[in-house]
Every structure is written in structure tokens, then in C-alpha cells.
Amino acid sequence: MPHVMWRLDKNWKALRSECPWLTQKPSEIIVEHFRLTTQPIEEPDDDKHLLQIFEMMDAAHTLMFSSDYPHWDFDSPQQAFPRLPADLKRRIFAENARELYGL
Amino acid sequence: MVSNAATKRHVVARVGDIPPGERLITDIAGRSIGVFNVDGRFYALRNSCPHQGGPLCLGRTVGLVMATRPGEISYTREGEILRCPWHGWEFDLATGRSVFDPNRTRVKSYPVEVEELQAETYAVEIERDRVVVILT
């Protein structure tokens with residue numbers, strides 16, 4: 001996701017006139033209007049790299065936990081992810097979904 | 001080119017040397033600067049794109065494409081937008097500001113005046129209407 005955001009921003013600077021109705025950078029539109037879930041996920045060997053990726057994609061606003069149920073290798077919310085900062089964990093496991101569904 | 005270091009005023013051309021729609025790229029005090037004539041209005045921009053330093057002033061001049069919603073496209077200000085030949089970034093000739101991020105991405109622009117020259121001490125003829133770029 002971070003890479004896609006950067007690529008879209010880069011191309012938009014050169015090709016803005018092809019889609020002049022965009023009033024924000026594509027990455028800003030993604031953060032505002034797109035939500036992603038955590039399955040499937042490719043995790044780097046080093047836990048801190050996953051946190052860096054979360055930061056790059058503004059996971060505090062774009063990412064929601066998903067269990068992958070009913071697959072046998074589903075993600076248990078007790079087991080998934082390395083230790084996350086409390087704020088970020090609350091966003092990913094609850095608040096982002098609450099906001100999206102208006103709960 | 002006639003220059004006056006004290007006032008930073010640099011005579012770069014006679015008006016007739018840069019017809020409407022044309023440009024002159026010239027060195028002023030070691031800087032490459034493009035001087036553009038858009039329907040009789042003159043603009044000067046640094047010939048270096050803030051993106052990667054490409055020769056911005058060699059780019060095409062186009063109009064401004066805008067849209068209030070998808071499919072409703074307006075095309076105005078023909079000839080007033082300059083696109084860098086390297087990656088197509090758009091700049092407003094009048095201000096040097098980019099179209100996509102006018103507040104943060106800009107190229108240096110210089111005021112241009114057209115002055116009527118009355119006489120020169122050693123001139124054999126009076127040449128009027130010089131294009132003067134003011135380094136700021």
C-alpha cells in the first residue's frame with residue numbers, strides 16, 4: 001500500500017491534467033476513503049519493519065483487523081501482529097471499524 | 001544585453017525579438033532564465049525545474065485543464081502553463097507556482113517590464129520597447 005500511494009502521487013504530479021477533477025493527492029484520497037483489512041498480510045522478519053509500513057500507510061486511519069475466518073490458518077486477535085503501540089492497536093482492532101460502520 | 005547591477009535590471013531583448021507565443025532563454029548574471037511572451041504579456045522563470053533540475057523553459061506551453069467533476073473539463077488560459085520537458089510537471093508562467101501544489105512547489109519567477117527607451121548616449125538610433133528582467 002505505501003508503495004502504491006507513492007507511485008500514484010508521483011504519476012499524478014506529471015499527469016494531473018489527465019484527471020483534473022482530483023483536488024487532493026491520490027494518497028490523501030486513499031487515507032480518507034479507503035480502508036484495508038489485515039488479512040492476508042506478508043510480514044517482514046523484523047517486527048519493527050511492520051510498524052514502519054503501518055506508519056507509511058497511516059494504518060492508524062486505514063487499517064482494520066480481520067481474522068480470515070473460516071480459514072484454518074486464521075489470525076487470532078490474541079496472536080496476530082507483534083506488540084503494537086496501544087493507540088495503534090486500538091485503532092486497528094476497534095476504532096477504525098467503528099468509524100467506518102458508524103458504530 | 002545591457003545590465004545594471006545596482007538595480008538588477010537587465011535588458012534582454014527588444015519586444016519584437018520575442019513574438020507572442022515565443023520565448024527567449026538567456027543567461028542573466030550566471031542564471032539561465034526563460035522570458036516568455038504570452039499575448040503581449042511577458043513572464044520570466046528560472047530555467048530549472050524544482051523537481052530534478054530539468055530545463056523547464058524548453059517545455060511546451062499549454063492551457064490549464066481543470067474540472068469540477070469527472071467529465072466536466074474546462075480548458076482555459078491557453079499558452080499560460082509551462083510543462084517541464086522531463087516529467088510534465090505544470091507551472092503557471094505568471095507566478096512560477098506549480099498547478100498541483102502551488103504553495104510548496106514553485107520555480108523562481110522574475111518581474112518583467114517593457115520599458116520605452118528614450119535615448120542612449122552613444123546610440124545612432126532610438127530603439128524603443130525593451131524587455132527588462134528584474135532579478136529579485
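**View 1. Arg16(A) and Glu90(B) join their side chains in a salt bridge, 2.7 Å from N to O.** A salt bridge here is a side-chain nitrogen of Lys or Arg within 4 Å of a carboxyl oxygen of Asp or Glu. What you're looking at is a predicted model, where local features need pLDDT of at least 70, side-chain atom pairs count only at pLDDT 80 or more, and totals for chains, interfaces and linings use all residues. Residues are numbered from 1 along each chain as its sequence is written, chains are lettered from A and ligands numbered from 1 in the order in which they are written, and side-chain values use heavy atoms, with hydrogens and water left out. How many salt bridges are there between chain A and chain B? The count is 1.

**View 2. Ser17(A) sits in the loop between α1 (2-15) and α2 (26-33) of chain A.** Helices (H or I, at least four residues) and strands (E, at least two) are DSSP runs, numbered from the N terminus. Is Ser17(A) buried or exposed? With a relative accessible area of 14%, Ser17(A) is buried, a word that means under 20% (1.4 Å probe, protein chains only). Leaving aside residues up to four places away in sequence, Ser17(A) touches Val65(B), Arg83(B) and Glu90(B); touching, or contact, means heavy atoms within 4.5 Å. With Arg83(B), the link is a polar contact from side chain to side chain, at 3.2 Å. A polar contact is a pair of N or O atoms within 3.5 Å; within protein, one must be able to donate a hydrogen and the other to accept it, and residues adjacent in sequence count only if both atoms are side-chain atoms.

**View 3. Here's where the chains meet: 7 residues from chain A and 15 residues from chain B take part.** Together they bury about 1,100 Å², with 58% of that on carbon and sulfur atoms. Buried area is the accessible area (1.4 Å probe) that two parts lose on being put together, summed over both. On chain A's side, Lys13(A), Arg16(A) and Trp21(A) supply 55% of the area buried against chain B, more than any other three residues. Between the two chains, 4 residue pairs are in polar contact (both at pLDDT 80 or more). The side of chain A that touches chain B has 4 nonpolar, 1 polar and 2 charged residues.

**View 4. Chain B is built with 11 strands and 0 helices.** Of its 136 residues, 41% are buried.

How values were computed. Buried < 20%, exposed > 50% of the residue type's maximum accessible area, 1.4 Å probe, protein only. Nonpolar A, V, L, I, M, F, W, Y, C, P; charged D, E, K, R; others polar.
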